[in-house]
Amino acid sequence: MKAKVRILDVHSGRYSVFINEKEAMKAKLHPDDLVKLEAGKKTVYGSVVISGLVKEGEIGISRDVLQLHSFSEGEVVTVIPSSTPESVRYIKKKMNGEKLRKVEIETIIKDIVDRKLRDIEISSFVTSLEINGLDMDEIAALTIAMAETGDMLDIDRKPIMDVHSIGGVPGNKTNILVVPIVAAAGLTIPKTSSRAITSAAGTADVVEVFADVSFSLDEIKRIVEKIGACMVWGGALNLAPADDITIKSERALSIDPTGLMLASIMSKKYAMGSQYVLIDIPTGKGVKVESVDQARALARDFIELGKRLGQYVEVAITYGGQPIGHTVGPALEAREALQALMTGTGPGSLIEKATGLAGVLLEMGGVAPAGMGKKMAREILESGKAYQKMREIIEEQGGNPDIKPEDIPIGDKTYTFTAPTSGYITAIDNKAITGIARAAGAPEDKGAGIELYVKVGEKVKEGDPLFTIHAESEARLDQAIVFARRAEPIRIEGMVLQRIGNI
Ligand SMILES: O=P(O)(O)OC[C@H]1O[C@H](OP(=O)(O)O)[C@H](O)[C@@H]1O
Ligand SMILES: O=c1cc[nH]c(=O)[nH]1
């Protein structure tokens with residue numbers, strides 16, 4: 001059928017096309033059917049929504065579709081019902097635990113990017129990877145397919161450095177310090193991040209508090225060629241576009257299947273033309289990798305994948321047994337990161353980790369002698385040069401370089417938990433901390449999160465504050481309080497942990 005485009009002010013987070021009920025009956029279309037819209041060389045797939053918002057002879061297009069495809073009001077398109085894509089068969093193959101061929105992986109990724117696969121099919125693909133995994137051939141094919149279905153950056157500077165965390169540990173604002181330290185040393189580091197996957201704040205969510213993170217590749221190229229660095233969202237526009245689509249399913253399920261994680265991270269690095277990549281694997285209870293042995297195995301996979309892509313990869317296995325620093329949630333983390341850059345000091349875990357990772361990159365990039373990288377990184381941080389570079393990044397990305405930590409608004413609905421007894425902090429439960437911050441509204445509500453006053457090993461007295469929950473609404477705050485009461489996020493014990501007798 002032919003129909004005239006009607007642009008609707010609807011943002012559903014999905015590729016939806018709106019069809020009048022009578023028109024749908026005539027064309028035998030049903031809710032959620034997949035249809036193809038064709039106009040000249042333009043082709044777009046979307047799911048049918050039956051709606052009175054459009055008249056007979058019209059086809060409604062939501063703002064989601066318009067973000068990537070230009071249609072004009074009244075433009076005539078052909079609407080063609082579409083059958084189940086071939087890639088669904090390959091997803092079922094993975095569900096059955098079978099190995100996928102390169103061409104099958106390429107087809108799945110192309111169909112994700114073209115929106116031929118709907119959310120339910122994409123979630124099934126992600127779940128099949130969580131359960132059945134991928135081998136290195138499949139991971140390499142997936143990485144290249146994810147990168148090559150989008151644009152690639154070609155920066156006129158060498159060497160190109162990069163850093164990426166596998167995430168999972170709450171409060172991990174570390175790379176917001178690492179990037180300006182490395183760039184202040186004269187190296188080039190075009191950093192892309194994803195938004196939160198399992199945590200309460202991805203690096204892109206935190207940076208977005210003080211600067212824009214969505215740029216075209218041309219804009220990124222201009223910024224990086226001018227100041228040597230950027231901190232942008234990988235999901236913006238057309239950089240490894242399948243990544244952000246699969247991440248939506250991962251976030252909903254709070255999972256990050258290992259093979260997909262490798263491909264997600266390395267496809268972004270490949271698309272940015274990064275030559276020297278440092279991967280951070282936080283390791284500890286309640287994060288993605290719990291033991292050093294598992295971290296070593298994953299490190300080998302990153303290094304092997306890097307070799308196949310022509311990239312030199314090093315891995316830092318870092319301590320992830322409790323949150324990094326004292327804040328969790330986008331705005332609170334932005335305040336803490338900015339404060340550390342401005343003053344050159346901050347919580348030990350944040351400064352140690354940031355200077356440690358930056359030091360490795362300075363050595364990899366050849367600006368620090370072996371063994372001297374961390375010292376150099378600390379000097380750059382303490383001298384204010386990293387803060388100066390951060391100001392440049394904020395300014396080039398459209399933010400206010402004069403912003404101060406206290407200018408950043410945080411959720412004003414608060415509740416503080418206190419120590420029920422005196423003793424020592426023997427554990428902080430990463431998953432519970434993330435769960436509370438997410439229940440409070442993070443990462444979508446930027447001001448939501450947690451301020452943590454204690455760390456493992458510290459002594460507390462009964463009644464001392466342990467942490468404050470921040471939320472932007474009373475309803476979210478109540479949810480987070482209920483979650484926190486159930487979860488016991490902070491364990492306090494005396495020095496005698498257990499008494500056992502008469503065994
Ligand atoms: O912790 P979760 O949400 O699972 O992982 C996602 C986070 O980890 C990575 O961090 P970075 O950009 O290397 O700093 C991603 O880019 C993202 O910000
Ligand atoms: O960018 C990232 C980081 C962690 N896990 C992913 O899948 N992607």
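The points below go from the domains to the ligands and then to some local details.

This is a predicted model, in which local features need pLDDT of at least 70 and side-chain atom pairs count only at pLDDT 80 or more, while totals for chains, interfaces and linings use all residues. Residues are numbered from 1 along each chain as its sequence is written, chains are lettered from A and ligands numbered from 1 in the order in which they are written, and side-chain values use heavy atoms, with hydrogens and water left out.

**Domains**

- The protein is divided into domain 1 (2-81), domain 2 (86-133), domain 3 (161-397) and domain 4 (413-493); these bounds come from an automatic or database domain assignment.
- The centres of domain 2 and domain 3, taken over C-alpha atoms, are 28 Å apart.
- Eleven residues from domain 2 and eleven residues from domain 3 make the contact, where contact means heavy atoms within 4.5 Å.

- One residue pair is in polar contact between domain 2 and domain 3, both at pLDDT 80 or more. A polar contact is a pair of N or O atoms within 3.5 Å; within protein, one must be able to donate a hydrogen and the other to accept it, and residues adjacent in sequence count only if both atoms are side-chain atoms.
- Helix H4 (102-113) and helix H5 (119-132) are the elements that give two or more residues to the side of domain 2 that touches domain 3. Helices (H or I, at least four residues) and strands (E, at least two) are DSSP runs, numbered from the N terminus.
- H5 supplies the largest share of that side, seven residues.

**Ligands**

- Around ligand 1 there are 15 residues, and the closest are Ser165, Gly168, Ser193, Thr198 and Thr203; a residue counts as near if one of its heavy atoms lies within 4 Å.
- Ser193 has a polar side-chain atom 2.6 Å from an oxygen atom of ligand 1, and Ser199 has one 2.7 Å from an oxygen atom of ligand 1.
- What lies around ligand 2? The residues there include Ile166, Met261 and Lys288.
- His164 has a polar side-chain atom 3.2 Å from an oxygen atom of ligand 1 and a polar side-chain atom 2.8 Å from an oxygen atom of ligand 2.
- An N or O atom in the side chain of Asp256 is 2.7 Å from a nitrogen atom of ligand 2, and one in the side chain of Lys268 is 2.8 Å from an oxygen atom of ligand 2.

**Salt bridges**

- The count comes to 41 salt bridges, each a side-chain nitrogen of Lys or Arg within 4 Å of a carboxyl oxygen of Asp or Glu.
- Asp9 and Arg63 form a salt bridge (2.6 Å, N to O). Asp9 lies in the loop between strand S1 (2-7) and strand S2 (16-19) and Arg63 in helix H2 (residues 63-68), so the pair ties together parts 54 residues apart in sequence.

**Backbone details**

- Lys158 and Pro159 are joined by a cis peptide bond, with omega about -10°.
- Another cis peptide bond joins Ala442 and Pro443, with omega about 0°.
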